[in-house]
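Please look at the sequence and the structure first.

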Amino acid sequence: AWLGREFDHALIDDVLRAGIDPCGERGEYHTFVHDGPGFGTAVAFRESGVDDDGRFRTLRLDVLPG
């Protein structure tokens with residue numbers, strides 16, 4: 001349920017309720033930034049599946065040409 005969520009105030013609220021470090025400093029999660037002020041163009045991508053090695057779950061992303 002957490003994979004692929006937008007990093008917004010609702011996510012931060014859920015993270016805090018779950019007792020997770022909101023900065024991810026203990027490796028609880030990683031982010032993918034696809035657009036912002038420093039970008040000339042947004043990175044086009046699509047979610048293409050979930051990898052699960054029994055310890056970690058990772059959302060697979062495919063960067064699209066553009």
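## A pair of charged residues

Glu28 and Arg26 form a salt bridge, and their closest N and O atoms are 2.9 Å apart. The model is a predicted one, and the distance is computed from its atoms. Glu28 counts as partly exposed, at 31% relative accessibility. Arg26 has a relative accessible area of 61%, which is over the 50% cut-off and therefore counts as exposed.

Side chains of opposite charge can pair when their charged atoms come close.

## Other salt bridges

How many salt bridges does the count come to? The count comes to 6 salt bridges. One of them joins the side chains of Arg5 and Asp14, with an N to O distance of 2.9 Å. Arg5 is partly exposed, with a relative accessible area of 31%.

Asp52 is exposed, and its relative accessible area is 52%.

## Helix, strands and loops

The chain has 1 helix and 2 strands. Read from the N terminus, the order of these elements is α-β-β. Helix H1 covers 9-17 and strand E1 covers 45-52, with a loop between them that holds Ala44. Strand E2 covers 57-63, and the loop between E1 and E2 holds Phe56.

Which residues does Ala44 touch, once its neighbours within four places in sequence are left aside? Ala44 is in contact with Asp62, Val63 and Leu64. At 36% relative accessibility, Ala44 is partly exposed. Ala44 and Arg55 are 11 residues apart in sequence, and their C-alpha atoms are 29 Å apart in space.

Phe56 is partly exposed as well, with a relative accessibility of 44%. Phe56 and Glu25 are 31 residues apart along the chain, and 16 Å separates their C-alpha atoms.

## The chain as a whole

The chain has a radius of gyration of 14 Å, whereas a compact globule of 66 residues would have one near 11 Å. Along the principal axes, the C-alpha atoms fill a box of roughly 40 × 30 × 20 Å. Of the 66 residues, 6% count as buried. Among contacts between residues at least 6 apart in sequence, 13% join residues at least 24 apart.

The chain carries 7 positive and 13 negative charges, and the mean positions of the two sets are 5 Å apart.

Methods. Residues are numbered from 1 along each chain as its sequence is written. This is a predicted model: local features need pLDDT of at least 70, side-chain atom pairs count only at pLDDT 80 or more; totals for chains, interfaces and linings use all residues. Side-chain values use heavy atoms; hydrogens and water are left out. Helices (H or I, at least four residues) and strands (E, at least two) are DSSP runs, numbered from the N terminus. The radius of gyration is taken over C-alpha atoms; the globule rule is 2.2 Å times the number of residues to the power 0.38. Buried means under 20% relative accessible area, exposed over 50%, partly exposed in between (1.4 Å probe, protein chains only). Contact means heavy atoms within 4.5 Å. Lys and Arg count as positive and Asp and Glu as negative; His and the chain ends are not counted. The place of a charge is taken as NZ of Lys, CZ of Arg, CG of Asp or CD of Glu. A salt bridge is a side-chain nitrogen of Lys or Arg within 4 Å of a carboxyl oxygen of Asp or Glu.
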